[in-house]
Each structure stands twice: as structure tokens, then as C-alpha cells.
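Hello,

Here is the structure I promised to pass on to you. Please open it first, and then read on for what turned up in it.

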2 protein chains.
Amino acid sequence: MELRHLRYFLAVAEELSFRKAAERLHLAQPPLSAQIKGLEEELGAKLFERTTRSVRLTQAGRVLLEEARIVLAAAERAEQRIRKADLGLIGTLRIGVIRPAANDRLAAILRRFRDHFSGVQLILRDLASTEQLEALRKDELDLGLLRPPLGFPELDFVFLEESPMVLATSTDHPLARKRRLEWKDFDKQPLVMMHPTVQHGYYDGFLAACARCGATPYPYQYTHDVSTKLWLISAGFGIAPTTATVAESGRPGLVLRDLPPDRPMVPTIAVWKRGTHSPALESFKRFLIEGFSDVSTPSTAPPFPVG
Amino acid sequence: MELRHLRYFLAVAEELSFRKAAERLHLAQPPLSAQIKGLEEELGAKLFERTTRSVRLTQAGRVLLEEARIVLAAAERAEQRIRKADLGLIGTLRIGVIRPAANDRLAAILRRFRDHFSGVQLILRDLASTEQLEALRKDELDLGLLRPPLGFPELDFVFLEESPMVLATSTDHPLARKRRLEWKDFDKQPLVMMHPTVQHGYYDGFLAACARCGATPYPYQYTHDVSTKLWLISAGFGIAPTTATVAESGRPGLVLRDLPPDRPMVPTIAVWKRGTHSPALESFKRFLIEGFSDVSTPSTAPPFPVG
DNA sequence: ATGTTTGATACGCGGAAGGTATCAATCACC
DNA sequence: GGTGATTGATACCTTCCGCGTATCAAACAT
């Protein structure tokens, strides 16, 4: 059975005349009769009682009259929704957000987007950077707001903002009191780090700077989220570089110190799969870029290692 | 757009592989690609992001995935309901009933039918004989329970039961007291008759018997339903032949008298349009005939004038 | 009796659906 | 890093089916 059969049937059922129905369909009458006949044979049921002078619906025909209208309406709706989706007016955007990016600025952007694109359902997922990259790879996410580096090629990104990396220690740690930190201060220091499975490469810049000055801190504890990491640091389990904006809310027992000169910056980037042509996503990216325009520094070359 | 497109699209969207989808559809891969391409062009929207190694849904594709399932499910449901309708398991039966036929016996038959065919919706319409014939002609009724004669050819019928015609008078009418009625008693009597537009030909037998005996009663009042007719008679507006079963409920002021020998019988028949092949209707007729089997007298030739 | 109207039938054409062979691009694997 | 395997796209051909024209048979109108 094809929609053509239903369209033809509906015309005949409504006109109760093959001739008039054919006219309405801009079709000759013989092929119309043939199509109806074919439909009846396929369904194994007579749909019309025909004489040479009258056409009447059978029981089966009466039922199909109801059903055909439903099917055709559903098909019509499908076409309309496709067109809307293609304009980016409806659809779903699955967006991954790392905790530090879930701030007021992003909330305002989301709110503005929803005001303009009420038909686009935003599905926000609170995921760590590595998890987002994996989700992007598996096409379970349309856009990720996360930290570099990118996990695999086939990704495009745009830089949104960056925040300096600072050192987090407990209040009773010697480095909390030292007047001015130097890279070699971190030699043989125990580090409280995010586990690579949730954030990979985050510490590369820090460790490289240490290495350049001959300092070799060592991994001591791994956590899976930022708040646990800060909690462990405040409990004296070690030190760690972290992003300045993350720990702004004054946490008791925690001290944030500026790193020595040439401190790494921690960018937030928006990432999506290359070649994804989604008008809704394009619109969302426009809102994102505009929302961060006062802080973002557009760059042609990636300001950090990719991959 | 045809259902084929949606079936093909659904396979590709679910498999996310043209090759696997083609396999599932028992189809070669190139025509499948061509069909999807054609669908995309017709809708004016890309449905898949394809590389040589991966197939991903676009926003529009994701929307169509939902919609295609809906449309195909509706089509599936349509086919199933057609088959059921063709077996007479679902559908609607529009049945006309004259008031005198709306009795306990018919109610029991209707109840039994509904128990066996719960999917068939019975639409009962309280209509006079002539109205039913008109409704049958216009295909607004599937079966009529009414009185002869039939209004036009193209009708088939089955005899269900009959009841003797009796005379209705008011209690103070001379004929109410006469010991034994003769046909010539009705000469010059005013008749209270059902209007021909609601019951046509009902009085033919009575008037013919009168005429054979030289009696000529005359039409005096016309009513449009039985209860008004009996009310007028009880009020002394005239006399009328009526069906014995109609006036059983003792109405004050009304007297029913047996007619002279060779009194006409009043049949109840079930009527439908010839050539109507409706399994549900066939089943209903079976229930009807069985329900009246103790009183009906099957006959090959019509026991009354047709037309 | 004749003409008109209606659905069915016969038949031919064109286009679209489907099959086969093949290509280009990418991935896996040694 | 070259090579074979896999995947979707392309080219080309065949088949079939949807559609049009011409015509018929039946029923109604005149």
C-alpha cells in the first residue's frame, strides 16, 4: 500500500464517483479505477460496491475512509515538520556542558535562544569534557561546551572564553603562605587531579611549565568531579592547578594563589562534529558567539594543541 | 512522498547504514540510495549527513524519524482495521426501526449481536417506513426494519413476523359496541391515517377489502406517528385499522376490535439494498432471522406487493 | 429507440524502481 | 605506510508499473 492509493481512494470515497474523483486528481479515469482495484486486491477486501451508475462504500471502505484521512494527515504533518526542521525552527539540540561552564552568562544565552526558537528543544547534559567528546563521537550530542584538547579529528570548535589557571591549596599548606610562587615550588608536590577519563590533558600546560623549571610534582589522588577535587585539596590531600572561575565561591579551608608568570590559560570552547549542517545548531552557535563576544578572541589558528 | 520512501528512510535511520538497511529491505543498495536522495530532494531537506564511512541523521532526519514511525504505524493500523472490517468484526451498521418493531424481542436480538460483535457499532435510527426507504436509497442506512411495501427496486428483504390488522375506535363509538364487525360497517367512516410520507401503502389491504364489499371510508385526519394517531382515535376523531401489537398497552378511551374475516396481516420485514456485500450485515441478518425463526414463515415469493 | 453517462477493459508509452558493475574515499591491518 | 576491505555514490541497463487514449457494456434520460 502506498500513499497514492490512499489519496486516490479518498477522492473516490468523497466524490462517490470515479469520474469526478479522477478529475479532482487531474488524472484519467481508467488508471484511477485500476489503482483502486489494485488496492482492493492487495487488501483482500472490496472497498466499493459499484454499478455502472452508482458507487457506494462497503463496510471496509467506510473504515478505510476514516483511516486514510488519519494516515494522510500524518504524512502531511510529517512534511510540514520536516520543512520547519530544515529551517531550524523545530528539532532538538543536545548540548553538553561542563560544570564550570554552567554559569549565569550561559544561562542568559540559553534563555535568549529559547525565546527566539521556542520550537527547538534544548537538551542539556552535565558532562565532563572527555565524556562530551565521546558523546559527540557517538552522535549523542550536537554541541559540547568543554575544555581542550579535542579528543579526535572531525571536530570543529570555536573559542568562547578563557580563565587563568591558579593554584589551589589548603589554608595550612606552606605554599598558601609563601609570598610569591615559583614553578620549582611544585617539585615533588602531591597533586589532586581530575581523572583522565573525565578530563584529559587539562594539566599538560601546568606540568610542562614545571618540567621547564626542573620541577616534577606527582599525581597523588584522582577525582571525577571538581567539587571532590577541591574538597580533597582543602582537606590537605595535596595541591592542584585549577581554573580561577571554578572555585570562586569561598570554600572554607581552600586557598587560591596566582601561578608564576607564563601561567596557562584555561579556555572554554564550543565543539561540534565537522560537516554537521544543522540550521538550529548554526543559530545556537551564533547566539553563543554573540553572548561571549565581549570576551572571546576570534582566532584562525587554534590557541592550544588540538587532538 | 510515498510510504515506500518512509519505509526506506526508517530502515536507513535505524540501521544508520545504507548497506544494512538495503539488506533488511531485501533490496540492492544503489536504488535505496537513489530513493533517499529523491526523498531529500522532494522535501527540500537533507536527511542524512553521509561520509563514505558513516551515516548520521540531520535535525530534519531526526524529526522525520519520529514522524515516519507515526505515519507507518497509522498505515499499518489502517490495513489491520480493513481486514477486520472485511471479516465483519468491526464497522458500523446503521439500522432503521419503526416504532412498532422496537420491542423486547428485537432488543434481545440486538443485545446478543453486540455480545458477539462488540467491534461493530450499531447505530439505530427511529424512522417510519417511508423515511427508511428513502434513507436506504441514499445509502444512509444499511438495513431497515419496516412495513411493506418496498418503495423502489434494488431492494432485498426478508420476512420477520406479522401481526393481524385490527380496528381501533374510541370507547363511545358505535362500532365499539357492535357484536360482530362487517366490512360494510366501515362505509363513510372517517379514517385517522398515518401520512403517506411516513407510511405509504399501509392501508391498501384494508381499503381493498372495504371496496370489495362496497364500503368506502374516507380519510379524515393524517398524523405522522402512531401515538398521535391512537390519541386522535381515542378522542373520537375517527376510526382506523392498526396493527394489533402496536396498541397493546391499554390506552384509556381506546377499543381494539377484530376485523371481519380475511383481515389483512401486517408484516415486519428487514430490508437492505441488493448487492450489498457486508459481512457484518450478513451476520446481523442471521441474528435477526434466527431471533424471529419461531414466527417467521420463509417464503420464496413475496407475500405482499413489492413496489 | 437513441444518445448520454459511468465504470471497466484493452493496449501502448514513458518514466521510475530496481539490479549489476564499478568508482572514490576511508578505515583496518599487517 | 602500503594494501585490502568496506561503504556510499555513480553509471547504465532492464523491468515493470502508472498513466493516457480508445473503446465497450450497462444503465439512465430523452
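**The surface near DNA strand D**

Let me begin with the DNA: sorted by class, the surface near DNA strand D is made of seven nonpolar, eight polar and four charged residues. Please keep in mind that this is a predicted model. In total, 19 residues surround DNA strand D, and the closest are A28(A), P30(A), R19(B), P30(B) and S33(B). The elements that give two or more residues to this surface are α3 (29-43) of chain A, along with α2 (18-24) and α3 (29-43) of chain B. The most comes from α3(A), with four residues.

**Where chains A and B meet**

The two protein chains also touch each other: 39 residues of chain A are in contact with 39 residues of chain B. On the chain A side, the elements that give two or more residues are α1, α4 (59-86) and β3 (91-97). Which of them gives the most? That is α4(A), with 19 residues. By class, the side of chain A that touches chain B holds 17 nonpolar, nine polar and 13 charged residues.

**The shape of chain A**

If you turn to chain A by itself, you will find ten helices and eleven strands. Why call chain A more spread out than a compact globule? Its radius of gyration is 31 Å, whereas the globule rule gives 19 Å for 307 residues; the value is well over the rule, so the chain is more spread out than a compact globule. The box filled by its C-alpha atoms, taken along the principal axes, is roughly 105 × 35 × 30 Å.

Of the 307 residues in chain A, 37% are buried. Looking at contacts in chain A with a separation of 6 or more, 75% of them are between residues 24 or more positions apart.

The mean pLDDT of chain A is 88, and 93% of its residues reach 70 or more. Among the elements of chain A, confidence is highest in helix α1 (residues 3-15), with a mean of 96, and lowest in strand β10 (residues 254-258), with a mean of 86. One stretch to treat separately is residues 298-307 of chain A, where the pLDDT is below 50. Beyond near neighbours in sequence, this stretch has 13 contacts in the model.

I hope this helps you find your way around.

Best wishes

Technical notes:
Residues numbered from 1 in each chain as written. Chains lettered and ligands numbered in written order. Predicted model: local features only at pLDDT ≥ 70, side-chain atom pairs only at ≥ 80, totals over all residues. pLDDT = per-residue confidence, 0-100. Contact = placed C-beta atoms within 7 Å. Nonpolar A, V, L, I, M, F, W, Y, C, P; charged D, E, K, R; others polar. Rg over C-alpha atoms; globule rule 2.2 N^0.38 Å. Buried ≥ 20, exposed ≤ 12 C-beta atoms within 10 Å, placed from the backbone. Near = placed C-beta within 6 Å.
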